[in-house]
Each structure stands twice: as structure tokens, then as C-alpha cells.
Amino acid sequence: MANLKRIRFSGWGRNMSSFSLSVSASNREAVIGANPRGATPTGAGRSYGDSALNSNGNRIDTFSLKFVERLENSNVFRCGAGLTIGELSRFAIPRGFYPYVVPGTEFVTIGGAIAADIHGKSHHRVGSFSKKVRRIKLLLSHGGFMEIFPHGDTEELFNATIGGLGLTGLMIEADIELMPIECSLIEVTEKRVYSLSEMLEVLRAGDSQYFYSVAWIELSGKYVGRGRVLFGNHCSRPHDSQLFRLDADWRKPRKSFVLPPIFRINIIVPLFVKLFNQIWFWKPLAKSKTQINTFMHPLDGIANWNVLYGKRGFLQYQFVVPHSHADYLEKVLVSLRERRIASPLGVLKQLGEASNALLGFAKPGWTLAVDIPVGVTGLAELLDEFDRELVSIGGRVYLVKDSRVSETLLPLMYPSLEIWKKIKRQYDKSNHWQSDQSRRLNL
Amino acid sequence: MKNGLGQYQNVLLVGSSSQIGNAIVDFLPLSSSSRVFRVGLDSTSDFFLDLTSQVGTDSLNFIDELPDIDVAIFASGFLADSQNKESHAGITSMALVNFANLILLINRISLRMKVQGFGKIVILSSVAALRPRTENYVYGATKAGLDFYARGLHAQLKGTGVSILLVRPGFVCTKMTKSLEPAPFATTPEFVGKSVASALRGNTRVLYIPGILKFVFFALRLLPEWLFAKITSK
């Protein structure tokens, strides 16, 4: 493998980077070839921290695994692990289907979505991504393929693979059940709310009526928790038509704006954030039919918004707290205000049932995601404090966005960690599948 | 590897009783789960290693069991007292602690770091290595060997992701130097610790402490021998 070049990769947060060897997933020998630093499967590189980094090891590029096929007369689609959610949806929409779970960006691969067991705006209704996965074809470290299913003999490995951060094997393809839709439009309802309690109330009330829900929370100014709550439902077919309605532009990814690479220093500073948040809060409410990809992927409007945080990058702190501890959200707001940490991106969402993923993040409760520039003073101590508090009330942080959580708190956040480790060791005896994160957290 | 907030996860300190070494560790950005592995002879050591006698290959095998090391600090140093500085025992100890054993250790760590693809090696040389003085030329010679080795290793590590920070402090008031008269521009271990920790954030290759010594020694090295001898003799 002497001809492979070491390339520097970083996570989406750009706060961590390392050199690794890029290996194509089609090159099976190289994928399972011995390397003391192991290999880590990667998708589109949208994990924020070091989940898809592997210093001096192999980094498996799944670009060659881009294929999709609808299984005969069913709503199950066979997808290559390197296919992105956007590509899948553009394939499925004209056939009258749409994925049940879609994240905030369309540039997430199927493999990545399963490995992180992602959740979307529909989590309160359908749960996380893995709930609709019917079968996964996995390449194990000994070189053999294995088909795993959510039930039966392979259930154990399946539950370790979903949400397993790619540490059980390289996913080749997956069968995913899609939702039949009648129209490629979304009926949107948006509300402005003026306090955190109102926001929680509106979300709670709306979640029974709407299939999609999410809230943007203002993390600047008075930090009272005002923001905008966004709801959506799929439009139904107009009565007089038997045809599937396609709106324009479903074929191509949304046109996005690319920022020039001039941002050396972080410009997400409190002053600008405050300004931006004011504009965002008061911008007119959407109340009409919207194209599905515009509704689903608001962040994709700017292709590389992560460069705005400058050379040192940022991290996204996402946690979930059970419903019984919703007051913790208030505490977080107060702490952020005390430290004057302003963020343009605060996303609050009510989560529904947990999946079977042993390392799955989502569980019933409230989840808040906050983007914070790395350079903020005292950030490490603040987040450590948040973590300790979270553990005591039964919350957890999202591993695929993490780049700093303490190893000692992990078993408390993820009670099934030991079981997961046992399964991983059983199917990966040589510890071939590793990443910078797995070494950092001793996974 | 450094975590997302730039905190070191695993630090190796060779010379567990070194005041300078411990001061550097004190100023490093560490998280609550960071680990510091100390190598040396005193009670704080995680790995016992006696650098005053010839070190065998096996006694360095502990390095292979360590997790990925972000920073390795080589702070062990020995300065024989005034009676022993030219004795057989004194020269042996200085040569082993400051040079011979130390480069064996550095070599092993650098091999380890090459595999992991990242890491910083902090090597504590001395300005005494830059021009011999009658007072401490043996000590200076051992440090000069170390200094030379560090520069060579730095070149050899190019492109591996591993780099070296070569520290050349002036007179530092520590246990080791307490019997000596402080030289001009004397500093404290804390100051050295702070300077090294901040230099580690950037790409500094050679660090003089205090910084002014860079210019002082640039000038001193240009002086003709007779003038240098005159200045440095008491």
C-alpha cells in the first residue's frame, strides 16, 4: 500500500483533523488489509468530530458504493452505503416515495445515517433511521460478507451496527423501507414563540398533528428561549388527479452558494450572531406549500457554512434529556447567557421512541443542538459541567457530533456500552475497525 | 490525539521528578479525562526507569503498551556537583541521563509516534549546549549531543505528522541548580512551563527561554575565543 497517499481530513466541525490513507471501498483487499491503525468507513464526511477520522490508518471511501434499486413492487429500496439521502430521495420522489427519516442536510450517506442512527424532524412519529432498515450487508474484518436483519439470529450484530459508528464492519448496502407520498410538496406551518415554555408547549401540542416538527431557538440576546417552531405535513394528491404531483427541481440538488475560502478567523461572534438571530427571528413566517428539499435541508443553502467558524472550527453540542427534566433546558440557556456564548444555530426537537441501537442516541425527551466556536474561553469546563449534570438526570450526548466527551461518563450515558463492546470484539477480533474517536473513547 | 477543544488526551513525561517537566504539564491544556504518564524514579512515576545505568531494549517495552501519545516531554537531566563534574562517575551519569539513554528513549517514542501519525516531542536542551564554558563543558557537551540529535530527528520526521520542539532554556532556578550562582536572564520552572505550553500551540521548532537568549547567544557564538573566555570567566 505504499502507493497510497496520506491526506489530511477533518470533520465537519473542522476542529479536528488527521492524516489518513484513503482507500476505495471497491478495493476489498486494501479495505481489510492489515494496518496497525485499522480502518474506518466514511461517508460524506458530515460527522462533526472525529468519528470518521483515522490517523495514519485507512479511511474507506464509499463513493464507489453509490447505487439504488427499488425492490419489485414494494416500498423497500436497496441502497448502496455510499448513496446520499439526497440522491435516494431524488430517485424515490418520482416513484412516489420518500425516506421516513431525513436529516437537516441531504449530504449524508446511507451508511453514515445507519452508523449514526440519525433522527430527523419526524422522530416523534417514526423514530430514528434504523427503524426502517430491513437488511444490511456488512463486510466483516475477516473478509467475509454477512447479511444482518433486525430480527432473528443476526439481531445482536444488527443492533450493534445501527448507531455503531462504523466500528462493526463496512456496510455495503442496505434495504430501506420508504414512505409512500402523494406529492412532492410539504404543507408548512410556522409559528413564532416568545419563551422556552411556550416553545415546549407548542411543540408538544403540534407533534400530534404534524408529521414533521422542529424548533429554532434563539441563543443570543435575552436567552429566554424565543424562536420559531416549524411544522410540516406531506400534501395530499389533488382530488381531481390520479397522478403523482412532482414539483419542479426534484432532480438536481438544491442550488447552493459556496463561500470563498477567506475565513481565517471565526466570524460567528456574539455581535454578528445577535444581528443574524434578530433577522432570522423576524423574517416572515412560512405558511404555504414548500418543496420538500427546501423544507428538509435548510442548511444546504450554503454549501460550506462550516468555514464561517474560521480556522479553529466549531463543535456541535447535542444532548437529549428525558421529558421529566425539561427544566434542564432552562439551565443550559442560563449558563450560555452567563458565559455569553451566542450561537446562530440552536435546534430543539421532541424525540419519540428509542430504537434498538445499542449506542443509539435518540430516546424520549427533548434534544437541543448548539453550534459553538471552539475558541470560546472556558468552553471545556462548561461542557464538562453540562455532561455531569446530564448524566445525573439520564441524558446523553450525541457521539457522532462529539469531539470531547469524557470516557468515564460514557457508560453512564450509554448503559448498553459494555454489551456493544462485547459484540464488537466478538465480530472484530483483530480490532480492525477503529477511528480516532474509538481510540479516544476506548470503544 | 488532541480532542475537539485542543486538549491533550495523553501526555508522557520522562523525568517524573523534574520541576521543569512537571511545570510544563501543569500549563498544558488537559481535559478531565486526560492522562499523564510519568517515567522516572520517584513515587509519582507510572513507569520506573533508571536512566543513570545503561537502559536495555526490554526496559523500554512499556512504550508499546501506551495509548496514542500527544506530547512526550523529555525533561530528565543531570548535573554533577562541582566535585564530581569531571570524575568518572559524574561524566558517566551526565552522559547517560542527558544523552545516551535519553536518545534511546526518544528514538522509541518517535517510532511509536510515526505509527500513530501525530505527536509532539519536547526535548529540553540548554543554552549550555551552544558554546562550551569551562565551568560546565561536560554538561554542555551532553546537552549539545542531545541538541544535535533533536535537530537531526526533526529533519528525519518531516512529513510524518510528528514534530519536535527543541527547548533551550537559560539558567533555571531548580533543585538541580540550587548550589549554583544564578546566571544572567535566570528564569523559573513555571515560566519555562508556560512558554513551552504556548509554543506547543504553534509550529515553533526551537524555543529559547527567555526569548532574548536567542539574540544573546547569537552574539556570544560569534565572539572570538579569547573574548568569550574573558567574559565567561569569573
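**Note on the predicted two-chain model**

1. In helix H1 of chain B, Gln19(B), Ile20(B), Ala23(B), Ile24(B) and Phe27(B) are in contact with Pro189(B), Glu190(B), Val192(B), Gly193(B), Lys194(B), Val196(B) and Ala197(B) of helix H5. Sorted by class, the residues of this contact are eight nonpolar, two polar and two charged. The model is a predicted one, and the points below should be read accordingly.

2. The geometry of this pair may be stated as follows. H1(B) covers residues 19-27 and H5(B) residues 189-201; their axes come within 7 Å and cross at roughly 50°. The crossing of H1(B) past H5(B) is right-handed.

3. Taken by class, the contact of H3(B) with H4(B) comprises twelve nonpolar, six polar and two charged residues.

4. Leu79(B) is placed in the loop between strand S4 (71-74) and H3 of chain B. Apart from its neighbours within four places in sequence, Leu79(B) is in contact with Met94(B), Tyr139(B), Met176(B) and Leu180(B). Between Leu79(B) and Gln7(B), 72 residues apart along the chain, the C-alpha separation is 33 Å.

5. What joins the two chains? At their interface, 19 residues of chain B are in contact with 22 residues of chain A. The chains bury about 1400 Å² between them, of which 52% is on carbon and sulfur atoms. Met1(B), Gly4(B) and Leu5(B) supply 40% of the area that chain B buries against chain A, more than any other three residues.

6. Two salt bridges are counted between chain B and chain A. The side chains of Arg439(A) and Asp68(B) form a salt bridge, at 3.5 Å from N to O. In general, side chains of opposite charge can pair when their charged atoms come close.

7. Over all chains, the structure holds 28 salt bridges. One salt bridge within chain A pairs Glu173(A) with Arg78(A), whose closest N and O atoms are 3.9 Å apart. This pair links distant parts of the chain, 95 residues apart: Glu173(A) belongs to strand S10 (residues 170-180) and Arg78(A) to strand S6 (residues 76-80) of chain A.

8. Most residues other than glycine have a negative phi, and most peptide bonds are trans. The peptide bond from Ile209(B) to Pro210(B), however, is cis, with omega near -10°; Pro210(B) lies in the loop between strand S7 (206-209) and helix H6 (213-222) of chain B. In chain A, Asp117(A) has a positive phi, near 40°, and is located in the loop between helix H3 (110-115) and helix H4 (123-126).

Notes: Residues are numbered from 1 along each chain as its sequence is written. Chains are lettered from A and ligands numbered from 1 in the order in which they are written. This is a predicted model: local features need pLDDT of at least 70, side-chain atom pairs count only at pLDDT 80 or more; totals for chains, interfaces and linings use all residues. Side-chain values use heavy atoms; hydrogens and water are left out. Ala, Val, Leu, Ile, Met, Phe, Trp, Tyr, Cys and Pro count as nonpolar, Asp, Glu, Lys and Arg as charged, and the others, Gly among them, as polar. Contact means heavy atoms within 4.5 Å. Buried area is the accessible area (1.4 Å probe) that two parts lose on being put together, summed over both. A salt bridge is a side-chain nitrogen of Lys or Arg within 4 Å of a carboxyl oxygen of Asp or Glu. Helices (H or I, at least four residues) and strands (E, at least two) are DSSP runs, numbered from the N terminus. Axes are lines fitted to C-alpha atoms, for helices over the stretch in contact, and angles run from 0 to 180 degrees between N-to-C directions. A crossing is left-handed if the near helix is turned anticlockwise from the far one by less than a right angle, and right-handed if clockwise.
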